[in-house]
Every structure is written in C-alpha cells, then in structure tokens.
Amino acid sequence: MRRGFVAGLLCATLLMTGCGPADGPAKPYAGQSVEVAGTWTGAEQANFERVLRAFGTRTGAKVRYTSGGSDLDVLVAGRIRGGTPFDVAMIPQPGVIARYASTGAAKPVTGVAEEAVRAHFSPQWQRFGTVGGRLYGVYFKAANKSVIWYRSDAFTAAGVTPPATLGELTTVSRTLVDSGTTAMAVPGADGWPLTDWFENLYLQLAGADAYDRLATRRVPWTDPTVVETLRIMGQYWASPRFLQGGPDGALQTTFTQSVADVFGRRPRAGMLYEGDFVTTEIAKLGSFRVGEGARYFAWPSVDGTGGAVVAGGDAAVAFTDRPVTMALMAYLASPDAAEIMARSGGFLSVNVDLDPAAYPDATTRALADSLLHATTLRFDLSDLTPAGFGGGNGASMWRLLQEYLAAPTTDPAAVAARLESAAAGAYGRA
C-alpha cells in the first residue's frame with residue numbers, strides 16, 4: 001500500500017492521476033469550485049497554487065486559494081459563522097483543529113482521502129491529525145524545529161565543532177564570544193521562536209512523557225521540570241554576548257533580521273536557532289550556500305544521545321464533505337502533490353512515498369529524513385494548546401517568554417507561575 005496502491009486508487013475513483021486516455025482523461029469535477037485557505041504568501045503561496053492547479057487539471061475542478069496570513073483562524077471562523085466555510089483550510093495548530101472538530105465545523109477525512117492517508121503517512125503523523133479517534137488533518141507540509149544553524153567560517157575561526165550536548169553548546173557559545181563573534185541571534189520580536197526554544201529544551205530535559213503531560217495540562221506550568229527549563233534558558237540568554245544585541249537587542253530582532261545577522265552580507269553572530277525554513281531566508285540573502293557556508297546541527301541533547309525532534313506542520317482540514325473536497329484531500333495526501341512542492345524548495349513532506357530525489361539538495365533531504373525517522377518525535381507544544389495561550393499573535397506564552405527575555409535573571413519560578421495562571425484561563429475557556 002504505497003505509491004502504486006494510491007495511484008491505482010485515485011485512477012479508479014477520481015481519474016486524476018493522468019492515467020486516462022492521453023487525448024482527454026475524464027474530468028469528474030468539471031465545473032465545480034473548491035475554496036482553500038492557508039497562511040502562505042509569496043513564494044510558498046505560488047508553489048502551493050501550482051499543486052492546486054495540478055489537481056484542477058486532472059479533475060476539472062476550479063480551485064481558488066486565499067491567504068489569511070497570521071489571521072487565518074479569524075478568517076476561517078468568520079466564514080464558518082457566515083455559513084460559507086472554505087472547503088479546505090491548511091491549519092498549522094492541532095489545538096485549533098481539535099476545536100473545530102469538537103464543534104462539528106471540521107469534517108472527518110473519509111473514503112479515498114482516508115485511504116490515501118493510511119497508505120502514505122506513518123502512524124505517528126496520522127495521530128497528529130486525529131481527534132477523538134477520527135482523522136481530521138492531512139499533514140501536507142511539515143517542519144523540523146530541532147535544528148541550530150551556524151556559519152561554518154565562524155566555527156572554523158573559533159576552532160569549534162558542532163556541539164552534541166547542552167553543556168557543549170554553552171562551551172561553543174563562550175568560545176565564539178572569546179574569538180570575537182557573538183554566539184547567537186535570537187528573534188525575540190516574534191514571540192513564536194521563543195516558544196520553540198522552550199519546547200526543545202523541555203523535551204530534552206524533561207523527556208517525552210512529561211512533554212505530553214504538559215501539552216495536555218496534566219501537570220501544571222509550575223512543575224519543577226518547567227522551572228528548570230526556564231532557568232537554563234534564562235541563564236543562556238543572560239550570558240554576556242551570547243545574544244546579538246543582548247536581551248534588549250534580541251527583543252527588537254525579527255525572524256528575518258536574525259537570519260541576516262548570521263548569514264547576511266555583514267554577519268554579526270555565529271548561530272541561529274530555528275527550523276528548516278531558515279533555508280529559504282538564507283537563499284534570499286544570497287551570501288552563503290546552504291550545506292556549505294550555512295550548515296546545521298541537531299538541537300543538543302542532555303547526554304549526547306540525540307534523536308528527539310520537535311515538529312510543526314500545516315494540515316489540510318476539510319470544512320465541507322463534498323466529494324470534490326475529499327478528492328482534493330486525497331490528492332494532497334499523494335506523493336505527486338508533495339513532489340511538486342518539494343522540487344520548488346523550502347518544503348518538507350512526511351509522505352513516506354515521496355522520492356527523496358525530489359528535494360533540491362542534500363541538506364533538505366537530511367532534514368526531511370529526520371522527521372520520518374526521529375527516535376522521539378513530538379509536535380510543537382504551543383500549537384497543541386488553546387490558541388489564546390500558545391497559538392497566535394499576542395498569545396500568553398509568546399508574551400510571557402518575551403517578558404522573560406527582557407529580564408532573563410528573573411526568578412524562573414515566578415515566570416512559571418505566570419505561565420500557569422495564563423494556561424489555567426486559556427484551557428478553562430477552550
């Protein structure tokens with residue numbers, strides 16, 4: 001049940017794999033329209049629209065994409081309230097998917113779409129899209145959020161190699177500083193990278209079981225494991241010259257600026273923590289090549305064993321259950337759709353039947369492989385929580401970690417108490 005199975009399945013049921021007569025295969029959805037919403041803009045939007053056009057060519061359906069940017073949830077919810085929901089939305093937060101599933105707004109993935117997901121995705125990624133035992137999300141795009149990018153010339157000049165443990169990360173950072181290079185650029189102006197810092201540290205320090213309990217609030221945010229994670233994070237942020245511009249400068253640094261601070265024409269820092277999507281920004285800057293001057297190492301572990309990965313992703317979620325909607329969901333679960341995006345770059349798939357050769361370089365192939373074969377894989381914790389706590393602009397977790405970055409010598413127990421108070425309110429309203 002791999003590529004051949006679903007190719008035949010789609011050919012038999014939807015005639016949308018191009019396996020009909022060369023002079024004009026059947027178009028089962030000719031004249032029907034499908035509306036899709038997502039967060040993507042710019043190059044990502046253009047690449048995704050190529051996928052949607054391919055579906056339209058094969059089925060005859062007319063597909064229109066609308067970008068909601070960071071306000072996607074507001075856009076989707078407004079359309080639902082107005083009685084004209086999008087057919088499909090590409091939602092990055094499992095917590096939001098669960099909310100829509102609980103109200104009946106989201107529709108379970110059924111029929112040919114469900115069979116495609118079962119054939120092409122690992123049980124772990126199927127679970128990420130499951131709510132209450134039913135499949136709702138098809139993870140079309142994934143992200144590896146457990147990598148730290150570094151400038152190889154800075155490491156060579158300092159005489160350091162990529163660290164494997166958290167202790168070694170501190171040593172490497174201090175050695176970079178001693179060599180005249182600021183250790184790390186931190187995009188504190190954007191709250192979400194700070195939540196990713198916490199999540200990676202927490203998964204390494206507390207372990208996967210504790211991570212799961214915290215995500216579902218079976219342990220409070222005042223738990224000693226949280227306090228210890230905050231302590232280590234604050235200690236790193238407070239270390240002299242570890243952060244580009246210090247904590248105050250980091251709070252003024254956006255994600256795109258942080259990439260430029262490491263890989264731009266006038267680099268100022270040696271490292272940057274964020275996910276695989278950093279490669280797109282490095283390419284735009286044009287000063288360093290990914291895999292050569294710009295390289296990465298896995299987020300350091302406590303004991304050097306490694307293998308734990310925090311993942312993110314955008315899942316296709318259906319808000320209508322029309323046959324054409326499920327046909328599109330099935331197509332998005334196919335290797336063919338993933339291949340179109342993969343060849344364009346800046347994209348990782350967790351479709352087990354996507355040919356790795358579709359990725360444009362060895363670095364991207366390695367990042368994708370780590371999502372498929374991680375020893376321990378967990379979804380972004382903030383995305384698992386209610387949106388008001390961890391999943392959007394102005395969310396409590398974002399804001400409180402920014403406050404901690406502003407004053408990283410604050411008692412971590414006090415920070416944990418504020419996080420717990422915010423979580424109690426957000427989960428109570430969910």
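**Notes on the predicted model**

1. Let me start with a contact: the side chains of aspartate 353 and histidine 120 meet in a polar contact at 2.6 Å (a pair of N or O atoms within 3.5 Å; within protein, one must be able to donate a hydrogen and the other to accept it, and residues adjacent in sequence count only if both atoms are side-chain atoms). Aspartate 353 sits in the loop between α16 (335-344) and α17 (362-373); helices here are DSSP runs of H or I with at least four residues, strands are runs of E with at least two, and both are numbered from the N terminus. With a relative accessible area of 15%, aspartate 353 is buried (buried is under 20% relative accessible area, exposed over 50%, partly exposed in between, using a 1.4 Å probe and protein chains only).

2. A word on the ground rules: this is a predicted model, in which local features need pLDDT of at least 70 and side-chain atom pairs count only at pLDDT 80 or more, while totals for chains, interfaces and linings use all residues. Residues are numbered from 1 along each chain as its sequence is written, and side-chain values use heavy atoms, with hydrogens and water left out.

3. Staying with α16 for a moment, its buried residues are Pro335, Ala337, Ala338, Ile340, Met341 and Ala342. Just past the end of α16 comes glycine 345, with a positive phi of about 85°.

4. Now the strands. Five of the six residues in β1 (residues 33-38) are buried, so this strand is mostly covered. β1 runs parallel to β2 (residues 62-67), with six bridges between the two (DSSP must find at least two bridges for two strands to pair). Within this pairing, valine 34 has valine 63 of β2 as its bridge partner.

5. On to the packing. The largest nonpolar core holds 85 residues, and Phe48, Trp125 and Phe140 have the most contacts inside it (such a core is a set of buried Ala, Val, Leu, Ile, Met, Phe, Trp, Tyr and Cys residues joined through side-chain atoms within 4.5 Å). Helix α15 (residues 323-332) gives this core its largest share, eight residues. Another core lies apart from it, with 55 residues including Leu169, Leu176, Leu194 and Tyr404.

6. Aromatic pairs come to 29, the rule being that rings of Phe, Tyr and Trp (its six-membered ring) have centres within 6.5 Å; planes under 30 degrees apart are stacked, over 60 edge-to-face and the rest tilted. Take phenylalanine 155 and phenylalanine 297: the centres are 6.5 Å apart and the planes at 40°, so this pair is tilted.

7. Tryptophan 197 and tyrosine 273 make an edge-to-face pair, 6.0 Å centre to centre with 85° between the planes. Since tryptophan 197 belongs to helix α9 (residues 191-206) and tyrosine 273 to strand β9 (residues 269-273), the pair ties together parts 76 residues apart in sequence. Tryptophan 197 and tyrosine 273 are both buried. They also belong to an aromatic cluster formed by Trp197, Tyr236, Trp237, Phe242, Tyr273, Trp299 and Tyr404.

8. Two arginines sit over rings. The charged end of arginine 79 is 4.2 Å from the ring centre of phenylalanine 86, and arginine 99 lies over the face of tyrosine 100 at 4.8 Å from the ring centre (CZ of Arg or NZ of Lys must be within 6 Å of the ring centre and within 35 degrees of the ring normal).

9. Worth a look on the backbone: arginine 217, not a glycine, has a positive phi of about 60°. Arginine 217 lies in the loop between α10 (208-215) and α11 (224-238) and is partly exposed at 28% relative accessible area. Arginine 241 also has a positive phi, near 65°; its place is the loop between α11 and α12 (246-251), and at 43% relative accessibility it counts as partly exposed.
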